[in-house]
Amino acid sequence: MKTKLGLLAGLVILASTSLASAQADWPRKAVTLIVPYAPGGYTDAVGRITARYLEKALATSVVVENRAGAGGIIGTAYVAKAPPDGYTLCVCSVGATSVAPVAQKTDYDPKKDLRPISIVSTIPQTVIVGKSLPITSIPELIAYAKANPGKLNYGSSGAGGLMHYSVALFQVRTGTRMTHVPFKGGAPATAAVVSGEVQISFTNMTDALPQMEANTVRAIAVTSVERSPYAPNLPTVAEAGNLKGYSAESWNGIIAPAGTPEPIIKKISDALAKMVDDADVKKSMAAAGATGVFTTPAEFAKRIDDELAQWAVLVKEMKDGK
Amino acid sequence: MMDVLALLGHGFAVAGTPQNLFFCLVGALCGTLIGVLPGLGPVATISLLLPATYALDPVGAIIMLSGIYYGAQYGGSTTAILMNIPGESTSVVTAIDGHRLAQQGRAGEALAVAAIGSFFAGCVGSLVIALAGPPLAGVAQKFESPDYFSLMLLGLVSAVVLANGSVFRAVAMILLGLLLGLVGSDINSGLTRMTFGFLQLSDGVNFVAIAMGMFGVAEVVSNLESKGEKKAQIAQISSIWPSLKILLLTKFAVLRGTLIGIAFGILPGGGATVASFSAYALEKKVARDPSRFGKGAIEGVAAPEAANNAAAQTSFVPLLTLGIPTSATMALMIGALTLHGIAPGPMVITRQPDLFWGLIASMFIGNLMLVIINLPMIGLWVKLLNIPYRMLFLVILVISAIGVYSVNNSAFDVYLTLAFGLLGYILRKLDAEPAPLLMGFVLGPPMEENVRRSLIISQGDFMVFVQRPISLVLLLAALALLISVALPFIRKRRVEVFKDEAAN
Amino acid sequence: MNRTFWRGNIDFYCGLLLLSIAALAIWLVSELDFGTAREMGPAYFPLVVAGLLGAMSLFMVVRGIVRPEGEMAPIEIRPLFFILLSFLAFGLLIARGGLVLAILAQVGLAHFASPETRVVETILFALGLALFSSVVFVYLLGIPVSLLP
C-alpha cells in the first residue's frame, strides 16, 4: 500500500510540473494502456488491438500493462488514481465500471474519478439452453420457468458477474424464479449447459459461438439492445420477451482518469472514431468475437450512468428479496 | 486406426516444417529455462510471451506456447530436486524424495529418471490424445460436481499418505492449507473472506507466493543456519547416469504414474495436481518397504514426474475438444487461440486439422527435444551444486523475488512470500511438513465450490455423492486409502500401549 | 513446568500456533452468513475447516502439556531476520527504485544473513544478478518494471 502511495506522490509532483506544457504537444512519450485483466483474456485482446491502432494513429508507442485482480477493480482503481496527463489510460470493462461500484465497495466512483472516452467493442450474452429441454424461444422459457419455479438451474461465472446479473435482471422483469449455480469462470458454466448439469446460461458470445456451431446447445436469444452480427437470426431478449429496455451487454472502452485535459481527450476520441472503420482492426475484433464500436465521450458517460442506475435498482431488489 | 495414422502423418508434416520445428525448440528451451528458475512458472511466462506470438501464425504460436508449458514441467523438477523449491503444484511431491536423493549425491540419477520418465509419459500421453482424444473428452464431460468433490477428497487422502512424519500433523497441515485456499472471494455470494480488507487478496493467495515462501525462503533460511543440520551440504556425487538396475526398478513406477497422469489430466480443475500426489501415494502403498519413501526413494521421483507430464499432455484434450480450460495455463492457451481467431471447442478437430494434429505431432517432437536438451544438461545442473551455498543462495533469493513479483506485477505478493517464509520456517522447526499444506491449498477451493454446487443442484440431497457411480468409486478409493493409512497407525499404537503396560 | 517442558515440546508450540490461526480464521468469517449444510453460506466451509483445525490443535496442546516430547530445533535469528528483510527491501524498491536497485539492496542485505559470505563475492554476484535479470526478465521476457528510478 505504502509503495503505491509513494509512487503516486512522486508521479503527482512530476505531473503537476509538466502538465501545462504537456497538453499542446501530447503525446511526447509512451502511453501506458492498463488492461485490468489477465493476459490472454478477452479484454486483453481488445486492449492489444486498440494499442496497436493507437500507436499508428498517435505516432507514439502504446505499452499494454496487465494489472489484473478482483474482477478488474484493481486495475481500474489504479487508473482512477493515476495522474490525469493522458499517459495512463484504461481498457475498462462493464463489470468494474458499471456493476461493481453499486454491488460492492470500490475505491473509485466511476462518475467522479473516471473520464470515459469511447467504447471500442461490445459483445452480447447469449441465452443458451440444454438440448434436452423443450425450450426454443424466450416466451417458452418464461412459460417453462413460471410453470416450474426454482426448477431450472442456470450457470454463471460467479456471483456478481454479468452472467449472474443478466439472469437476475431477467427474473425481476419476467417474474420468474430460477436457481443460481455459480461456476468459477464462464467457460465451465457454458460447458455445464453442454453436459446437462445445468439447463440454462446467459453466456458470453465468445464461449457460446463454438458450441452453437457444433450444435451442442440451443441458442435462443441475445441480451444486447440490437441483434448481433455473429448470430443475426437470434432475436434480442427485449424483442422476443417484450421486455423493453432489457440490456446486458459486455463492453470494453477507453477511459482516462478524471481531470485529463480536454484537448487530449479529443485527440484520443478522434483517433478512436477512425479506428472503428480500420480494416485490420475489424478483422482482429471479429477474431476475438467482438464488434468494434465508437461512441462520443458524452454518449459513453451517459451509458455508464444508465447502467449504474439499472444495476443499482437490481442490486437493491436482490438484497431486499433475501 | 488407419485414419488416425494418416492424420498424425499430416500432423508431422505440419509440425515438421523448419519454421514450426524452430518454434517448438524455442518453446522447449524457454520452458526448460523458466522451469529451472525458481518462482517463474509457465503461467507467468506464457502471459509475458503471449504478445510476442501475435505475429506468428496460429499453429506456430500454439506449438511454441505448449512447448513452454510442458518444457516447464521438465524444468520444474530440476529446481525441486536440486534445491527443494517446487515452482508448480505438480512438482511439490517430486521435491520430497528428489531432494533427499540430491543430498545423498544421487542428483544426477534423480534428474535422469525424471527426464526419462517424463519423456516416456509425454509420448504415451500424446499417443493417447491422438488415438482417443474425442472419446476421452466425452468421459471428462461425464464428470459433474459431486464427482469432482469426491476426486478432491481422494487427492486430500493421498496427501496424508505422502506425509513422512506424524499422520496427525499431516492432517492438521492439510486443514491449514484448505483454510489458506479459502482466502478471497466466495463465488457463491461474491463476498470476500479472510482478506483483512486487502483488495490484492480478493482473488485468493497467490500460489507462487506460498510455494516460494514455504519452500524457497524457509529452505534458504534453514540452510544458512550455522547450527542447523547443514542440509545444503551435498554428498559427493556418485554418478550422473542411473544404472540399468535403477531404470528397471522404476519401470513400473513410470508406467503407473503415466496411467494415473493420463486419467486425471483430462479432468478440469486440479486434475494434474491430484495425479502427481496420487501417483506418489500409490508408489508408497505398493512398495515392499514404504519406509524408504521420504528418505530418497527413486520411485517417489519417477512416478509423480511421469504423472505430471502425462497429465500435461492430456490436459489439452478438454481444451481442444470442449473448449474448457483445465488450469490457469490452459486458460491462457484459450486466450492465445482466440487472439488468433480460433475459438477452441468441439469444432477445432474438423475445422482446424492442421492445428490439432500439428500440435499433437509437435508434442512428440517437443518431448524428444526436451529429453535431448535435458539429459546432457544434467551434468551441468549437478555441477551447479558445487557452487558454494554462500553464493548460490543469493541467486535463489533474487530470482524467486522477481518470479513472485512477475506473476501479478505486485509488490504485495513479495510481502506475502516474506510472511509465508516466516510461517514455513516456524512450521519446519515444529516438524510440520509443507507438502500436505500445499495440497490442501490447491484442492480446497474446488472442493468447496463443488460440494456447494452439488448440493444446490441436488436441492440439498447428500445422497448424490454415493448415487453417482463415478463419485461412489472415487469415494470408495479414498476410503480404502484412508483405512490403509490408519491401520498401521492403529497397530503401532497398540504395540506402544502394550509396551507401556509391559514396562509397568 | 520444568525447563524441558519449555525447550522440548514441539507438540505444544505447534498446537498453539495452529490454534491461534484457527481462532483468527473463525473471528474473520464470524460476520458472514453460515447457512445450512444444504445451502452453505460463505462462512460454512471456512468455519468447518477452522473448527477441525482448532480441535486438532487443541488436542496437540493438551498432549504437549500431558506428555511433552520432541525437541525443537533452535531458532537462529540472524539468517531469518536478514533474509526476510532482504525480501522487504526488494518489495519496497521494485516499484519505486527499479529492478537494479531492488536487486542490489536485496543481495546487500542477504549478505549479512550468513557469516560465510564474502564481500567481494557478494558484490560480484549482486552486479551479475542485476545484469542477468535486466537482460532475461526485462528485455527478453518484458516484465513491466523500470530498471532504474
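Mentor: In this predicted model, the contact between chains B and C draws 58 residues from chain C and 50 residues from chain B. On the chain C side, at least two residues each are supplied by helix H2 (10-29), helix H3 (44-66), helix H4 (77-96), helix H5 (98-110) and helix H6 (119-140). H4(C) provides the largest share of that side, with 11 residues. Sorted by class, the side of chain C that touches chain B holds 43 nonpolar, 10 polar and five charged residues.

The make-up of chain C itself comes next. Chain C contains six helices and zero strands, and the order of its elements from the N terminus is α-α-α-α-α-α. Its radius of gyration is 23 Å, well over the 15 Å that the globule rule gives for 149 residues, so chain C is more spread out than a compact globule. The C-alpha trace of chain C spans about 55 × 50 × 20 Å along its principal axes. Of the 149 residues in chain C, 38% count as buried. Among the contacts in chain C with a separation of 6 or more, 65% join residues 24 or more positions apart.

Chain B also meets chain A, and that contact may be set beside the one described above. Here 37 residues of chain A are in contact with 39 residues of chain B. The elements of chain A that each supply at least two residues to this side are helix H2 (42-58), helix H3 (73-80), strand E6 (179-182), helix H8 (186-195) and helix H9 (205-213). H9(A) gives the most, with five residues. By class, the side of chain A that touches chain B divides into 18 nonpolar, 13 polar and six charged residues.

B:Ile96 lies in helix H5 of chain B, which covers residues 92-103. B:Ile96 is buried because 26 other C-beta atoms lie within 10 Å, where 20 or more are required. Leaving aside residues up to four places away in sequence, B:Ile96 touches B:Leu162, B:Gly294, B:Gly300 and B:Ala435. The C-alpha atoms of B:Ile96 and B:Val301 are separated by 8.3 Å, although these two residues stand 205 residues apart along the chain.

Note on methods: Residues are numbered from 1 along each chain as its sequence is written. Chains are lettered from A and ligands numbered from 1 in the order in which they are written. This is a predicted model: local features need pLDDT of at least 70, side-chain atom pairs count only at pLDDT 80 or more; totals for chains, interfaces and linings use all residues. Two residues are in contact if their C-beta atoms, placed from the backbone, lie within 7 Å. Helices (H or I, at least four residues) and strands (E, at least two) are DSSP runs, numbered from the N terminus. Ala, Val, Leu, Ile, Met, Phe, Trp, Tyr, Cys and Pro count as nonpolar, Asp, Glu, Lys and Arg as charged, and the others, Gly among them, as polar. A residue is buried if 20 or more other C-beta atoms lie within 10 Å of its own, exposed if 12 or fewer, and partly exposed in between; C-beta atoms are placed from the backbone. The radius of gyration is taken over C-alpha atoms; the globule rule is 2.2 Å times the number of residues to the power 0.38.
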